[in-house]
Amino acid sequence: MCKTFGAVRANDDISLALAKGKIHGIVGENGAGKTTLMNVLYGCQRADAGEIYINGARRSLRSSAAAIRAGIGMVHQHFMLVDNFSVLENIMLGCERGMFLGANSPGPRQARAELQRLAAEYALHADPDALTGDLPVGAQQRVEMLKTLVRGAEILILDEPTGVLTPQEADDLFRILRVIRGQGKTVVLITHKLREIMAVSDRVTVMRDGRVVAVRETEDTSAGELSELMVGRAVVMEYSAAPPRDSGAALTVKNLRVRDRQRVVRVRDVNLSLRSGEILGVAGVAGNGQSELLEALAGMCKVDGGEIIFHRGGGEGDGGGQGEAAAGSSPSQLRAAGIAHVPEDRRATGMVAVENASHAAILGYHCEAQYRRGQTPRGIFFDWPFISAQTRRRMDEFDVRPPLPEIRAAQFSGGNQQKLILAREMVREPRVLLIGQPTRGVDIGAIEFIHRKILALRDQGSAILLVSVELEEILALADRIAVMFNGAVVGETPAAAADEKQLGRWMAGVRDES
Amino acid sequence: MKVEMPGAPQNMPWWIDPLLLTVCNLALAFAFSALLVWFIGESPPAIAAELLRGAFGSAEAVGYTLFYATNFIFTGLAVAVAYHCGLFNIGGEGQAYIGGLGLGLAALYLDFLPFPLLLLAAMLAAALFGAGWSLVPAVLQARRGSHVVITTIMFNFIAAALMNYLLVNVLIKPGSMSPETRVFADSTHLPMVHDMAAAVGLTLSASPLNLSFFIALLCCVAVWLFLWHMPWGYEVRTVGGNPRAAVYAGISPSRCIILAMCLSGGLAGLLSLNEILGSQHRLLIEFTAGYGFVGIAVALMGRSHPAGIVLAAILFGALYQGGAELAYTFERISKDIVIVIQGLVILFTGALGFMLRPPLGAACAKIFSGGGRAVA
Amino acid sequence: MPSLELLLSVLDSSVRLAAPLVFAALAGLYSERSGVVDIGLEGKMLAAAFAAAAAAAVTQNAWLGLCAGVAASCTLALVHGFACITHKGDHIVSGMAVNILAFGLTVILGIAWFAQGGRTPFLGSDARFGALVFPGADAVAPLPLLGPVYRELLSGHNILVYLAFACVAATAWALYRTRFGLRLRAVGESPAAVDTAGISVAFLRYRAVLICGVLCGFAGAYLSTAQGAAFISGMTAGKGFIALAAMIFGKWRPWPVLSACLLFGFFEAGAAHIQGVSLPLVGAVPVQAVQALPYLFTVVILAGFFGAAVAPRAAGKPYTRGEH
């Protein structure tokens with residue numbers, strides 16, 4: 001079996017050969033073109049040039065339907081399931097076998113039988129009558145895989161399948177993938193997590209900037225080599241550590257509990273303390289409560305129990321300054337108290353894409369007196385010329401390109417949007433900066449700039465809580481590291497003493513024996 | 001939520017989108033209207049000429065045009081303010097109707113007040129009643145997530161039933177057959193523009209154009225200041241553009257939704273200032289005559305900007321005034337052609353508003369490819 | 001038993017008044033289940049009422065009138081689909097445009113074609129849908145209770161009334177027992193799931209919008225050629241919105257939607273009967289209060305006080321591949 005590829009928009013002259021009965025890994029950073037490539041394979045997007053051969057025959061995959069007919073199945077990163085359908089209905093959708101679907105029609109009957117067969121063959125269990133939306137994420141993913149198998153897929157593409165899974169669920173997934181391989185089917189695993197590639201794949205293709213930069217047999221390579229290939233240079237993220245200072249506590253979190261809208265506990269009994277002039281890195285697999293922790297601290301969601309105390313006037317020795325309980329404070333009260341927040345998803349949370357950069361530059365601080373006519377809190381109108389001039393200065397300071405305050409926020413690149421938000425949150429030299437995924441989707445040049453800004457702020461004495469799913473980033477920046485799993489902090493260590501293996505165990509939910 | 005528009009090339013001159021695209025969409029709407037006119041056997045140029053003559057042919061006609069435009073400014077602003085908060089207020093009709101009730105009650109029972117005070121009371125009553133009528137949909141949207149579009153539609157019908165009851169059974173002028181109140185006292189009538197002009201020595205021919213035209217223009221300025229120059233308006237627009245960013249910034253979306261809807265309802269309520277206190281001088285059934293819905297077309301065409309709304313309102317004022325004259329000249333056509341045009345304008349500048357953007361964008365990109373700014 | 005007679009006559013007119021609501025509410029159900037919000041039911045009904053009356057007047061054939069009504073309604077449905085599906089326009093704005101356009105067009109064309117101030121010529125009994133009298137209706141009439149129920153309530157409606165009720169059963173079956181129904185329900189909840197299953201979202205939605213057009217055509221034709229005998233401008237008088245309310249009230253499910261239509265039909269029939277009558281407990285109820293009831297009910301339901309009324313999740317959102 002062989003596929004050849006020509007130029008694709010985000011993909012530049014890619015050739016790829018997949019061997020039957022193997023697990024093939026495709027790795028690359030965000031934006032390396034992995035997903036585009038797979039979308040072309042699945043007929044979601046059209047290639048501008050190039051050819052695809054399956055079992056030696058040239059196929060044109062002009063639609064998802066054609067891809068399905070050609071035996072390609074895809075498990076998307078965001079599941080393509082109808083939540084209020086039963087598992088059976090989701091499985092049948094698109095391959096109903098006939099117009100009518102009464103209880104005794106061939107469609108539902110065969111689908112049921114097929115599910116039973118697959119459950120036996122692949123150990124893929126799913127209750128056909130369960131409501132899909134009620135299933136846990138791992139089970140929903142199994143439904144997605146069943147969908148592809150019921151359609152007779154010979155090539156199974158999985159796009160970032162473990163992003164939402166717990167380590168146990170991920171292990172379960174890998175076990176299933178091996179069974180599928182054992183049945184002579186081909187699996188394509190797209191991911192940016194090298195650990196997984198090393199664990200499960202037979203062969204790896206590395207992509208960077210829309211190109212294939214290397215193909216390796218998994219047994220002949222190492223995670224280190226792959227990560228160098230992915231980034232294009234050895235990953236050096238080492239910054240000089242600040243001299244440790246004995247400064248006062250800035251933030252204390254006691255027994256914090258947060259539930260989401262569905263009343264599921266997302267943060268359970270978290271205890272943290274953060275000192276001025278220190279970066280506390282919160283690591284963990286995405287979806288283990290870090291986002292909710294950050295939002296709770298920033299006052300964006302309701303706290304279910306516990307205490308959040310931001311200490312006033314830290315720096316006066318240990319436990320210095322009186323604390324103020326902050327649980328239940330609004331984001332605007334917190335900002336006024338010097339607590340700044342750079343949100344995880346800048347586009348969805350940190351700015352209004354349809355408004356201009358000046359609008360974004362004062363978001364959250366728009367009630368400050370300096371922005372009013374006459375610079376008094378009594379002024380009822382904005383002083384736009386002042387705001388615009390200030391925005392322009394800050395854009396220069398933070399290297400936002402182009403430095404034009406009147407341009408719509410949406411028209412800046414991800415890195416420049418992030419710098420704009422960082423400028424807004426950092427120029428006030430906050431007592432505490434809460435910052436989530438500071439470099440997600442940001443180009444490499446900007447990453448270093450952003451990291452240096454964060455470190456500079458720490459050196460000025462701000463306390464920084466850094467949440468990131470990139471362990472490298474945490475290791476490079478943090479003075480202390482806490483690891484979250486399933487809503488709880490499972491381990492904490494000074495960065496200097498951090499051991500990557502131990503962090504990995506914590507991220508998988510293994511607590512230290514004590 | 002306001003969406004980002006697809007197919008917008010990044011380096012187009014700013015005016016392509018609001019001006020050229022709107023003009024092209026309007027042209028499409030008028031082209032289809034002309035097609036209809038031709039289809040039923042009249043001459044489109046003749047109808048257009050008659051429309052123009054009827055709307056602008058004399059000082060009196062211009063007065064009428066601006067009189068109608070006043071209505072549309074109020075209802076257009078009402079739709080626009082809600083739109084900037086990400087809400088589609090279809091309830092302008094009902095809010096204007098109930099606003100008229102407030103104004104009518106003030107004019108009927110407070111007519112002992114000196115005129116300036118009465119005007120203030122009447123305006124307040126109209127705005128408060130209008131705002132009150134939008135309050136329930138607003139609160140339901142803000143607190144319970146009930147879609148404001150559907151609830152405001154329902155409230156239009158509830159308003160109609162309520163006013164029908166009040167005018168037929170309660171407020172009706174004793175002994176009258178038609179459902180309307182007594183004529184308000186002379187002291188309450190808004191000064192006419194031709195009278196005001198006469199006072200300073202200008203002679204204008206009589207038309208129902210009255211003081212509320214200027215109040216409407218003041219409202220435009222106020223809305224503009226509110227939305228773009230005041231922190232409250234900033235918060236409203238933030239909620240409309242990205243509710244999550246609003247929460248992040250410490251802005252309460254529900255408070256903004258209620259604020260925007262109440263302002264919207266209040267502006268719609270002020271319609272009665274022109275129609276009732278300015279012209280009819282009595283509260284009568286169905287005085288809103290669909291003006292609330294014209295507001296949708298006006299706001300869409302005016303891109304929800306006060307300046308655009310004034311222009312769009314004058315266009316529709318001209319269509320209404322010119323259209324009213326059509327039936328006298330042409331036997332196969334009536335003023336309802338204006339309603340068709342209104343529908344087509346909503347269709348082309350609203351629902352199909354993006355249709356022409358890719359080709360237009362491509363054409364402009366060709367023309368301006370050298371001059372555009374590179375945006376990283 | 002005058003009270004039984006009164007009750008039967010109210011129920012009888014409830015059924016008659018509910019029939020167009022049933023057609024239109026089912027029309028809305030198909031459209032919204034596919035993810036296309038349709039507040040343009042009113043306009044489509046109005047256009048259909050006009051086209052049906054006009055065609056019936058010209059051809060003297062009620063069935064040809066019905067066909068014309070369906071064609072007119074479908075044309076507007078396609079306009080709505082073109083804006084919402086092909087050009088990803090705002091569904092509410094497009095629906096509003098359809099309503100206003102229909103109102104204007106019917107009057108303009110009415111005046112141009114018939115010169116009766118927007119009315120269409122009065123239809124004789126040949127050009128209308130007449131009552132179907134069931135066999136033995138008169139024979140069983142003397143029987144107590146059953147006789148009058150059979151004669152008044154079941155028998156004696158025009159064919160469209162029976163068709164409306166048949167449509168409810170057909171819709172329930174189609175929605176839950178056919179491939180089309182499965183896909184329709186899926187596309188309104190998660191168009192991405194449908195797209196990646198190799199099914200065209202746009203084609204599916206266009207079909208739903210067309211079914212909506214056909215049903216609105218029936219609803220409109222009913223008003224002008226079965227219930228009435230001519231088209232009068234604006235004759236739908238908010239029925240499209242009551243149907244929309246009934247669809248929400250029935251939570252986008254066929255049988256509950258039927259109940260809501262019957263309830264709203266009953267209100268309308270009742271309003272005509274309670275004028276000036278003093279009811280026990282509440283005294284004289286203003287007829288306008290009864291007229292406002294469907295709208296009030298819908299607001300209360302939307303407020304979620306009696307179980308949430310949850311619209312199909314993707315309703316009103318244009319589908320663009322690759323966006324979640």
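Me: What share of the contacts in chain B between residues at least 6 apart in sequence join residues at least 24 apart?

Reply: Two residues are in contact if their C-beta atoms, placed from the backbone, lie within 7 Å. In chain B, 76% of the contacts between residues at least 6 apart in sequence join residues at least 24 apart. This is a predicted model, in which local features need pLDDT of at least 70 and side-chain atom pairs count only at pLDDT 80 or more, while totals for chains, interfaces and linings use all residues. Residues are numbered from 1 along each chain as its sequence is written, and chains are lettered from A and ligands numbered from 1 in the order in which they are written.

Me: Is B:F32 buried, partly exposed or exposed?

Reply: A residue is buried if 20 or more other C-beta atoms, placed from the backbone, lie within 10 Å of its own, exposed if 12 or fewer do, and partly exposed in between. B:F32 has 17 C-beta neighbours inside 10 Å and therefore counts as partly exposed. Over chain B, 57% of the 376 residues count as buried.

Me: What are the overall dimensions and make-up of chain B?

Reply: The radius of gyration is taken over C-alpha atoms, and the globule rule is 2.2 Å times the number of residues to the power 0.38. For 376 residues a compact globule would come near 21 Å, and the 22 Å of chain B agrees. Along the principal axes, its C-alpha atoms fill a box of roughly 70 × 55 × 40 Å. Chain B has 16 helices and zero strands.

Me: How many residues of chain C are in contact with chain B, and which element gives the most?

Reply: For an interface, one counts the residues on each side and then their classes. Here 36 residues of chain C are in contact with 42 residues of chain B. On the chain C side, α4 (91-114), α11 (239-249) and α13 (287-302) each give two or more residues, and α4(C) gives the most, with 15. By class, this side has 25 nonpolar, nine polar and two charged residues. Ala, Val, Leu, Ile, Met, Phe, Trp, Tyr, Cys and Pro count as nonpolar, Asp, Glu, Lys and Arg as charged, and the others, Gly among them, as polar.

Me: Which elements of chain C supply at least two residues to the side that touches chain A?

Reply: In that interface, 19 residues of chain C are in contact with 24 residues of chain A. The elements are α8 and α9 (191-196) of chain C, and the chain C side has seven nonpolar, six polar and six charged residues. Helix α8 (residues 179-189) of chain C is largely enclosed by the rest of the structure, because nine of its eleven residues are buried. Among them are C:R179, C:R183, C:R185 and C:E189.

Me: What are the partners of strand β17 of chain A?

Reply: Strand β17 (residues 480-485) of chain A runs antiparallel to β18(A), with six bridges joining them; A:I481 is bridged to A:T493, and A:V483 to A:G491. With β11(A), the pairing of β17(A) is parallel, over four bridges, and A:L280 has A:R480 as its bridge partner. In the hairpin of β17(A) and β18(A), two residues lie between the strands, and A:N486 takes a positive phi near 50°.

Me: Why is β17(A) described as largely enclosed?

Reply: Six of the six residues of β17(A) are buried, so the rest of the structure largely encloses this strand. On one side lie A:R480, A:A482 and A:M484, and on the other A:I481, A:V483 and A:F485.

Key
Two strands pair if DSSP finds at least two bridges between them.
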